[in-house]
Amino acid sequence: MYRIDLNSDLGEGFGRYALGADDKVIPLITSANVACGYHASDPVVMEKTVAMAREAGIQVGAHPGFPDLMGFGRREMAITPQEAKAYVLYQLGALDGFLRAAGMKMQHVKPHGALYNMAARDYELACGICQAVQEFDNGLAVLALSGGQLVRAAKDMGLAVAQEVFADRAYEEDGTLVGRRKPGAMITDEGQAIKRIVRMVKEQSVTAITGKDIPIQADSVCVHGDGEKALAFVQKIREALKQEGIQVCPLKEMVG
């Protein structure tokens with residue numbers, strides 16, 4: 001049986017600034033990556049997001065990023081593995097407080113933005129992130145870019161790991177994501193994006209931006225719900241998966 005988790009990055013508003021339609025996206029996904037206050041979010045937003053996830057009965061993971069609110073965590077920073085560990089550990093503790101208060105348990109950890117992309121390339125940095133997870137709770141799963149160095153680091157440290165794919169992002173031949181500023185980085189055709197997801201699940205393959213097919217493992221697919229069109233896209237993804245006989249399930253059922 002084909003299976004996949006649907007995850008989304010949530011709780012990324014800040015103060016009076018709202019981002020995304022979290023209340024509408026949550027019922028459509030199986031795992032929520034909740035921002036922890038560094039690249040986005042604040043205590044009020046975190047508490048509200050956790051409450052919505054609890055009401056919907058979906059699993060929650062931490063979405064730690066760089067301390068860069070203005071750049072939304074998408075700008076790379078020169079940090080050591082030890083600093084990465086401290087940054088992640090700090091953010092896990094922040095989210096865990098709200099989860100404990102709500103009677104919930106953290107399911108996974110998925111780095112955000114530049115930290116995520118750097119960890120996919122840099123094994124030592126990835127190890128720093130995994131050390132934070134291991135010391136905080138070695139029962140947590142790590143959600144990482146399929147085939148990246150964070151997957152390798154998590155496995156080497158004995159952590160559960162799930163490999164993530166993206167419906168709306170183009171891939172380089174080495175399996176990394178095409179930089180957002182490059183032409184063709186974003187897949188804007190909904191039909192093409194959905195076909196890519198189905199193929200990644202069923203054939204473990206995706207066509208890179210160069211036209212070459214590369215191997216990929218799809219345990220979880222990241223979907224975005226910013227705006228009404230994107231929300232409708234998530235609904236279309238769920239319907240397409242159902243029609244293709246692909247079961248949508250929580251991340252904890254996909255980890256290995």
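Student: How many salt bridges does a search of the whole structure find?
Tutor: The model is predicted. A salt bridge here needs a side-chain nitrogen of Lys or Arg within 4 Å of a carboxyl oxygen of Asp or Glu. Searching the whole structure with that criterion gives a count of 14.

Student: How many residues apart in sequence are the parts that arginine 3 and glutamate 253 tie together?
Tutor: The side chains of arginine 3 and glutamate 253 form a salt bridge at 3.6 Å, N to O. Arginine 3 belongs to strand E1, while glutamate 253 sits in the segment after strand E10 (246-248), so the parts tied together are separated in sequence by 250 residues.

Student: Is aspartate 68 buried or exposed?
Tutor: Aspartate 68 meets arginine 75 in a salt bridge of 2.6 Å, N to O. Arginine 75 counts as partly exposed at 45% relative accessibility. For aspartate 68 the relative accessible area is 9%, and because the limit for that class is under 20%, aspartate 68 is buried.

Student: What accessible area do Phe14, Tyr17 and Leu69 have together?
Tutor: Tyrosine 17, in the loop between E1 and helix H1 (22-25), is exposed at 61% relative accessible area. With Phe14 and Leu69, Tyr17 forms a nonpolar surface patch whose accessible area together is about 330 Å².

Key: Residues numbered from 1 in each chain as written. Predicted model: local features only at pLDDT ≥ 70, side-chain atom pairs only at ≥ 80, totals over all residues. Heavy atoms only, no water. Patch = residues over 30% accessible without salt bridge, like charges linked within 9 Å, V, L, I, M, F, W, Y side chains within 5 Å. Areas by Shrake-Rupley, 256 points an atom, 1.4 Å probe, with all protein chains shown as cover. Helix = DSSP H or I, 4+ residues; strand = E, 2+ residues; numbered from the N terminus. Buried < 20%, exposed > 50% of the residue type's maximum accessible area, 1.4 Å probe, protein only.
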